[in-house]
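Dear colleague,

Please find below the structure that I am passing on to you. My notes on a sheet and on a pair of helices follow it.

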Amino acid sequence: MKRDVGPRSVLVIGGGIAGLTHAVAARQAGIEVEVIEVRPDWKVAGWGLSLTGPAIRALRAVGLADACVEAGYPVFRTLHCDAIGTVRNVMELPSVLGPGKPAEVGIGRPVLHAVLRERAAELGATLRTGLSVESLSSGEGGVTASLSDGSTRTVDYAVGADGVRSRTRAQLGLPGDPWYTGQMVWRALVDRPEWATDIYTFAGPTFTTGLIPISPGKAYVFLTESSDDPGTVPEAELAARMRALLAPFGGRFAEVRDGITVPAQVVRRPVQVLFVEGPWHAARTVLAGDAAHSPSPQLVSGAALAIEDAVVLAEEITARPSLDKAFDAYETRRHGRARALVETSVELGRSEREGRREEFHALQRKGHGAMAAPM
Ligand SMILES: Cc1cc2nc3c(=O)[nH]c(=O)nc-3n(C[C@H](O)[C@H](O)[C@H](O)COP(=O)(O)OP(=O)(O)OC[C@H]3O[C@@H](n4cnc5c(N)ncnc54)[C@H](O)[C@@H]3O)c2cc1C
């Protein structure tokens, strides 16, 4: 199906979660789609991600919820444990998807990307790697992008879905600098112990760690480390350093910790937070996902926001008589929600850093409650 009215073509800059979801949604609306990804291939680091209920609800809008639930590991409860693994509290997680449906789905990041990419390709999107945009200029006839291989594209609109350090944002002259919150997040891919059929948290003397299943065979460990100076850890030492941080934990968590042995399956990233006050567009190009807003990962909602952006943008593009009106409507729907989430995530990180642990669950509930409202 090709559209007779409204935008007929889009260049999506960035083949991550926001970009690939928009590729699916735009193809479903009959728009010609080309996605360009700067990385030389589609390899994504092999750690896990939690898709919250709102993320799955947004994926359902583009027909991908079932595929993601099947490809991941549905979870219904969180078990809060002490440092030696004794369960102190069991929390049934409400599901925004309805009774009997999972509250969250743990999924391998490469698995999620593959589901999105394969669907976009099936629907006829063109997907290219090893390409980025050198310059963008908009006129009556569309937006023209000069690409890094010397070619050009002229399309009706472009989407900057190129992540928190978005070059598109800078090319559009939109302000927004990610800032380091004083925390490093760690993730490690491990074998899933048989007992880990839910989300587990383990509260230690100074921080809480946890485990999330992502498939029958695998799970990931999460940990946030407070550090004024993030410094660097040589890749070869990542597994040993993460095990050392987890040394105060014992009981059933000890086997999980001791399973962190492969440096390539450990990631350590600075928490970088961003909120672009707006506008999120200039002329015919608009930002989506982390390029416009990046909450800290403790609220596990960055991907949910990115997926929602991609879906809402396609809805508004098809519903409005002009791009200007569509971009304004998209930003109106997204701005307050994204801002509230980023602010709550910053507060959550601060409460962790300052040892105000009792606030953590209340802030988490606040963030998830806000996201439960319709997108
Ligand atoms: C350690 C960690 C754990 C997290 N865990 C969770 C979680 O459990 N749940 C959750 O919801 N969120 C989580 N998040 C947040 C989530 O990963 C992001 O919010 C999400 O990936 C944003 O998607 P995006 O498509 O906007 O950006 P990205 O995923 O960053 O994708 C951007 C893409 O654009 C490409 N690109 C960059 N520059 C260019 C360019 N110039 N030209 C072309 N392509 C370009 C990149 O290579 C990348 O493929 C986590 C984040 C971190 C750092």
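Two strands are taken to pair if DSSP finds at least two bridges between them. With that in mind, please note that the model is predicted.

The sheet

Strand 4 and strand 7 (residues 104-108) are joined by 3 bridges and run antiparallel. One of the residues involved is Y73, whose bridge partner in strand 7 is G106. The open sheet to which these strands belong has 3 strands in the order 3-7-4, with antiparallel pairing. From one strand to the next, the twist averages 25°.

The helix pair

Helix 8 (residues 302-319) packs against helix 9 (residues 323-353) at an angle of about 155°, and their axes are 8 Å apart. Angles over 145 degrees count as roughly antiparallel, and helix 8 and helix 9 are therefore roughly antiparallel to each other. Their crossing is right-handed.

On the side of helix 8, the contact is made by L305, E308, D309, V312, L313, E315, E316 and I317. Helix 9 contributes L323, A326, F327, A329, Y330, R333, R334, R337, A338 and L341. By residue class, the contact of helix 8 with helix 9 comprises 11 nonpolar and 7 charged residues, with no polar ones.

With kind regards

Key
Residues are numbered from 1 along each chain as its sequence is written. This is a predicted model: local features need pLDDT of at least 70, side-chain atom pairs count only at pLDDT 80 or more; totals for chains, interfaces and linings use all residues. Side-chain values use heavy atoms; hydrogens and water are left out. Helices (H or I, at least four residues) and strands (E, at least two) are DSSP runs, numbered from the N terminus. Axes are lines fitted to C-alpha atoms, for helices over the stretch in contact, and angles run from 0 to 180 degrees between N-to-C directions. Angles under 35 degrees count as roughly parallel, over 145 as roughly antiparallel, 65 to 115 as roughly perpendicular and the rest as oblique. A crossing is left-handed if the near helix is turned anticlockwise from the far one by less than a right angle, and right-handed if clockwise. Contact means heavy atoms within 4.5 Å. Ala, Val, Leu, Ile, Met, Phe, Trp, Tyr, Cys and Pro count as nonpolar, Asp, Glu, Lys and Arg as charged, and the others, Gly among them, as polar.
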